[in-house]
Amino acid sequence: IERTRQDPNGFIELEKEGATIIQLGPMRIAIARPPFSDGLEITAVRPITSLSLDDYRMSHELKARILEKQRGILIAGPPGAGKSTLAAGIAQYLQEHEFVVKTMEKPRDLEINEKIPQYTALENSMANTADILLLVRPDYTIYDELRKTEDFRVFADLRLAGVGMVGVVHATRAIDALQRLIGRVELGIIPQIVDTVVFVEAGEIKKVYDIVFTVKVPAGMVEEDLARPVIEVIDFETKESEFEVYTFGEQVVVMQDA
C-alpha cells in the first residue's frame with residue numbers, strides 16, 4: 001500500500017511497508033525499518049546551497065538555448081552531483097522570463113519559489129499527472145526524476161505533444177543518459193524527444209551535447225550503401241561529433257567517434 005499525504009504546512013509522506021519518505025520543508029527524511037531493513041535507520045538530507053543559472057559555466061549559451069524554443073533537455077549526473085539544483089535554477093529562470101512552468105516530482109523537493117506549481121504522481125501514476133498537464137498546457141515541465149520505463153514514456157509523450165521538458169536522470173557519463181532512452185522509445189524519435197544533454201558533476205556543468213538526427217555512413221564504415229539514419233551526439237562547445245547511435249542488423253550500436 002502506497003500513501004501520499006500533504007498537510008497545510010507542506011508535510012509530504014510517501015509510505016510503503018518498511019519504508020517511509022517524509023518531505024519536511026527543504027529536508028527529506030528517509031526511514032527504513034523491518035521487514036524492509038534488518039533494523040531501524042533514519043536518514044535526513046537537506047540542500048546545502050541554492051544556485052541561479054548565472055552561477056554555472058556556459059550559463060549564457062544555455063539561457064539562449066532554452067529561451068530560443070521549447071526544448072527537450074536531460075540533466076544527467078551521478079547521485080549528489082547537483083542535478084536537481086541545476087533543474088531548479090532553470091525553472092526559476094524560465095519563470096522569471098514569463099514562461100508557464102510546472103514540475104513533476106515524487107517527492108516534491110525542488111527548491112523553487114511558490115509561483116511554480118509542484119505536481120506529484122496523481123493516484124500514484126505520473127501518466128495521470130501528464131494528462132492533467134496537457135490540459136493545463138505549460139510551456140515547460142521539470143521532471144524530477146526519470147528512473148522507470150513509465151517515467152521515460154511519460155516524458156516522451158509530453159515532449160511529442162509540444163511541451164518543453166527538462167528531465168533529471170542518474171548517469172555516470174553524459175552519453176549514458178541518452179542510452180537509457182534506447183529500448184524505451186523508438187530510436188528514430190529520440191532526437192525529437194531530447195535535443196540537449198547537460199552533464200553535471202560536483203555541482204558544475206562538465207559537458208553539454210547536441211542531439212542531431214541525420215542520414216549518413218556511420219564512422220568506420222566505407223561503403224556508401226551502408227548509409228542509414230544516425231543519431232549524432234555533438235559537443236555543444238567544439239561542435240565535433242563524439243558519439244553515433246544507429247542500428248546494425250538487429251542491434252543498436254552506440255559508437256564513440258575516433
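Hi everyone, let's start with a pair: Asp 210 and Arg 65 form a salt bridge, with the closest N and O atoms 2.1 Å apart. By salt bridge I mean a side-chain nitrogen of Lys or Arg within 4 Å of a carboxyl oxygen of Asp or Glu. This pair links distant parts of the chain, 145 residues apart, with Asp 210 in strand E12 and Arg 65 in helix H1. Helices (H or I, at least four residues) and strands (E, at least two) are DSSP runs, numbered from the N terminus.

A quick word on the source: this is a predicted model, where local features need pLDDT of at least 70, side-chain atom pairs count only at pLDDT 80 or more, and totals for chains, interfaces and linings use all residues. Residues are numbered from 1 along each chain as its sequence is written, and side-chain values use heavy atoms, leaving out hydrogens and water.

Are the two partners buried or exposed? Asp 210 is buried at 12% relative accessible area, and Arg 65 is buried at 11%. Buried means under 20% relative accessible area, exposed over 50%, and partly exposed in between (1.4 Å probe, protein chains only).

Now to H1 itself, residues 59–68: its buried residues are Ser 59, Leu 62, Lys 63, Arg 65 and Ile 66. Seen down the helix axis, they fall within an arc of 165°, so they line one face; the arc is taken from the directions from the axis to the C-beta atoms. On the other side, His 60 and Glu 68 are exposed.

Lys 63, buried at 13%, has its own salt bridge, to Asp 54, at 2.0 Å between the closest N and O atoms. Glu 68 joins Arg 71 and Asp 195 in a salt-bridge network.
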